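Welcome! Take a look at the sequence and structure first, then read on.

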Amino acid sequence: MNLFLELNTVAKGLMDEYPGPDAGRKNLLDSVAAAVRKQQGPLFLNFICTHNSRRSQLGQAWAQAAAYYHGVDGIFSV
């Protein structure tokens, strides 16, 4: 994994301390992940927050970092 050392450290720390989503949220996320896995070719994710553009930018950055951290190829956050 070639994330910047600081980002890799933060990602690892978050994975270690986060208990994970509740069962309902996990089911929803699992269905989204299954749909992503079925995609042929690259998948472009676009985050739009109508109240705070920083949320969109942070969502994009963390989605890209998470995909890279977990070895999910073909995900691009734009």
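Which element gives the largest share of the lining of the largest pocket? It is α2, with 9 residues. Please keep in mind that this is a predicted model.

**The largest pocket**
- The volume of the largest pocket is about 1,300 Å³.
- Its lining is made up of 29 residues, and those nearest the centre are Leu-29, Ala-63, Ala-66, Ala-67 and His-70.
- Two or more lining residues come from each of α1, α2 (23-38), β1 (43-45) and α3.
- Sorted by class, the lining holds 23 nonpolar, 2 polar and 4 charged residues.

**Where α1 meets α3**
- Helix α1 spans residues 5-17 and helix α3 spans residues 53-69; their axes come within 11 Å and cross at roughly 80°.
- Because angles of 65 to 115 degrees count as roughly perpendicular, α1 is described as roughly perpendicular to α3.
- On the α1 side, the contact involves Leu-7, Asn-8, Val-10, Ala-11, Lys-12, Leu-14 and Met-15, while α3 brings Trp-62, Ala-65 and Tyr-69.
- These contact residues divide into 8 nonpolar, 1 polar and 1 charged.

**A look at Gln-60**
- You can find Gln-60 in helix α3.
- Apart from neighbours within four places in sequence, Gln-60 is in contact with Phe-47, Ser-77 and Val-78.

Key:
Residues numbered from 1 in each chain as written. Predicted model: local features only at pLDDT ≥ 70, side-chain atom pairs only at ≥ 80, totals over all residues. Heavy atoms only, no water. Axes fitted to C-alpha atoms, helices over the stretch in contact; angles between N-to-C directions. Helix = DSSP H or I, 4+ residues; strand = E, 2+ residues; numbered from the N terminus. Parallel < 35°, antiparallel > 145°, perpendicular 65-115°, else oblique. Contact = heavy atoms within 4.5 Å. Nonpolar A, V, L, I, M, F, W, Y, C, P; charged D, E, K, R; others polar. 1 Å grid on protein atoms, 1.4 Å probe; cavity = no way out; pocket = protein on both sides within 12 Å on 5 of 7 lines; lining within 4 Å. Points joined across faces, edges and corners; volume = space filled by probe spheres on them.
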